[in-house]
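Open the model in your viewer and keep the selection tool at hand.

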Amino acid sequence: MSNRQRHGKLIVFEGTDGTGKTTQRDLLGRYLQGIGYQVVITKEPTNGPYGMQIRDLYSNRNKYSREEELELFLADRRQHVNDLLLPNLLFDKIILCDRYYFSTAAYQGALGLNPEAIIALNDFAPEPDLVLLFQAHLDIGLTRITAGRKETPNNFEQREFLEKVAAIFAAIKRPYIRKIDASGTVDDVHRLVVGHALELLQPALAATMD
Ligand code: TYD
């Protein structure tokens, strides 16, 4: 897709588990709708057939090799890109996506695959306009998962593994990545998120808010 065809914007929420991405994606969606934008909310893994297979993998990780695991995330993304992301980017929609190919780089990279090589395999996927990388101490995320959601961390969420994931996320350099301190209150983090979104969507207005 050329930039002339692309009228929408793609904003991606990335980070380790339990950092509040989904809550903040939904809050930003409501905020942007309130000021007149057409917003599309989505996530990866999707709820499509590959996404369902990926959820099976959460609890049976040993059933799949890391290459098969990577293939599944790529297949899910291909479908998401073709069915939802590209069609909406043709119009002036703001797509808010919970996780994208930086998650593949970080999570499958933490299994020993090369993160930049993984990003290169995603050349079919449109580059985002903005990536909000949520960062908080891993204990905060794991506590939110176990206490808040009353869940047991799945295989993707074990601490040592997540340390590697966080380190890879932090090392990825792209001009459109903004790191978000996700350790504050929901309101604090929402303000940071809105600030970055407005910088992208309404740069003149954002400058007056500094
Ligand atoms: P998560 O956002 O927790 O989805 P849900 O709440 O719908 O189950 O994502 C599930 C896990 O998948 C998460 O621990 C990160 C992992 N993941 C990858 O390993 N690679 C990827 O490419 C993506 C998108 C996610």
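Start by selecting helix 4, which gives four residues, the largest share, to the shell around the ligand. Helices here are DSSP runs of H or I with at least four residues, strands are runs of E with at least two, and both are numbered from the N terminus. Before going on, note that this is a predicted model, in which local features need pLDDT of at least 70, side-chain atom pairs count only at pLDDT 80 or more, and totals for chains, interfaces and linings use all residues. Residues are numbered from 1 along each chain as its sequence is written, and side-chain values use heavy atoms, with hydrogens and water left out.

**The ligand shell**

Which residues come nearest to the ligand? Pick Asp17, Tyr58, Arg99, Thr104 and Gln108 out of the 14 around it; a residue counts as near if one of its heavy atoms lies within 4 Å of the molecule. Colour the shell by class and you will see five nonpolar, three polar and six charged residues. In this scheme Ala, Val, Leu, Ile, Met, Phe, Trp, Tyr, Cys and Pro are nonpolar, Asp, Glu, Lys and Arg are charged, and the others, Gly among them, are polar.

Next, show the side chains of Asp17, Lys43 and Arg55. A polar side-chain atom of Asp17 is 2.8 Å from a ligand oxygen atom. For Lys43 the corresponding distance to an oxygen atom of the ligand is 3.1 Å, and for Arg55 it is 3.2 Å. Polar contacts are pairs of N or O atoms within 3.5 Å. The protein buries 86% of the 560 Å² that the ligand exposes when taken alone, with accessible areas from the Shrake-Rupley method and a 1.4 Å probe.

**The pocket**

Hide the ligand and look at the space it takes, which is the largest pocket; a molecule sits in a pocket or cavity if more than half of its atoms lie within 2 Å of its grid points. This pocket holds about 790 Å³ of space. Of its 34 lining residues, Asp17, Lys21, Thr22, Arg99 and Arg149 are the closest to its centre. On a 1 Å grid over the protein atoms alone, a pocket is an open set of points with protein on both sides within 12 Å along at least five of seven lines, a cavity is a set where a 1.4 Å probe fits but cannot get out, and lining residues have an atom within 4 Å of a point. Points are joined across faces, edges and corners, and a volume is the space filled by probe spheres set on them.

Select helix 1 (21–34), which gives the most to this lining, with five residues. By class, the pocket lining has nine nonpolar, twelve polar and 13 charged residues.

**Two loops**

Go to Arg99, in the loop between strand 3 (93–98) and helix 4. Its phi is near 75°, a positive value in a residue other than glycine. Then pick Pro45, in the loop between strand 2 (38–43) and helix 2; the peptide bond from Glu44 to Pro45 is cis, with omega near -5°.

**The cavities**

Finish with the two cavities of 30 Å³ or more. The largest has about 40 Å³ of space, and Glu14, Phe102, Val131, Leu133, Phe169, Ile172 and Ile177 line it.

How values were computed. A polar contact is a pair of N or O atoms within 3.5 Å; within protein, one must be able to donate a hydrogen and the other to accept it, and residues adjacent in sequence count only if both atoms are side-chain atoms.
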